Amino acid sequence: MDCEKCGTKTRVVKTCRDFPDHVRRYRRCPNCGHNFVTKQPLEQIYKGQLERNYQVYEAADILKMRHLWAEEGRSSREVAEIFGCTTSWVNKVVKRKVWVNV
């Protein structure tokens, strides 16, 4: 997202997922230092993730992925289709290469 003041690409400083219908992102411009907050609806995030193979996961999602794979015997491909991600991401999750603390 571009800075409201100077138009430079901004960086996300913090993401807050405490809301049921949107994600709040705190942004900072590296050029002018301007800080601002954006709200992004979850539908918009999930739609964009399927196009970019990028997902915003929560601990409950990770636990569900592991449960589907280990307990229910679903394949990595099936789990990936459910969550809208790649099979390689699912493999990293179930083998605890990512989200190790969950």
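Modeller: Gladly! Let us begin with a term: a residue counts as exposed when its relative accessible area is over 50%, and as buried when that area is under 20%. Please keep in mind that this is a predicted model.

Colleague: Thanks. Is N31 buried or exposed?

Modeller: N31 has a relative accessible area of 55%, so N31 is exposed. You will find N31 in the loop between strand 2 (22–28) and strand 3 (35–41).

Colleague: What does N31 contact beyond its neighbours within four places in sequence?

Modeller: Leaving those neighbours aside, N31 is in contact with C6 and T8. Look at G7 as well: G7 and N31 are 24 residues apart along the chain, and 9.2 Å separates their C-alpha atoms.

Colleague: Now the helices. At what angle do the axes of helix 3 and helix 4 cross?

Modeller: The axes of helix 3 (residues 76–83) and helix 4 (residues 87–94) cross at roughly 105 degrees and come within 8 Å. Angles of 65 to 115 degrees count as roughly perpendicular, and therefore these two helices are roughly perpendicular to each other. Helix 3 brings S76, R77, V79 and A80 to the contact, while helix 4 brings T87, V90 and N91. Sorted by type, the residues of this contact are three nonpolar, three polar and one charged.

Colleague: Which residues make up the largest nonpolar core?

Modeller: First, the general idea: in soluble globular proteins, nonpolar side chains tend to be buried together. In this model, the largest nonpolar core has twelve residues: Y57, I62, M65, L68, V79, A80, F83, C85, V90, V93, V94 and V98. Helix 2 (59–70), helix 3 and helix 4 are the elements that each give two or more residues to this core.

Colleague: Could we zoom in on one member? What does I62 touch?

Modeller: Not counting residues up to four places away in sequence, I62 touches Y57, V93, W99 and V102.

Methods
Residues are numbered from 1 along each chain as its sequence is written. This is a predicted model: local features need pLDDT of at least 70, side-chain atom pairs count only at pLDDT 80 or more; totals for chains, interfaces and linings use all residues. Side-chain values use heavy atoms; hydrogens and water are left out. Axes are lines fitted to C-alpha atoms, for helices over the stretch in contact, and angles run from 0 to 180 degrees between N-to-C directions. Helices (H or I, at least four residues) and strands (E, at least two) are DSSP runs, numbered from the N terminus. Angles under 35 degrees count as roughly parallel, over 145 as roughly antiparallel, 65 to 115 as roughly perpendicular and the rest as oblique. Contact means heavy atoms within 4.5 Å. Ala, Val, Leu, Ile, Met, Phe, Trp, Tyr, Cys and Pro count as nonpolar, Asp, Glu, Lys and Arg as charged, and the others, Gly among them, as polar. A nonpolar core is a set of buried Ala, Val, Leu, Ile, Met, Phe, Trp, Tyr and Cys residues joined through side-chain atoms within 4.5 Å. Buried means under 20% relative accessible area, exposed over 50%, partly exposed in between (1.4 Å probe, protein chains only).
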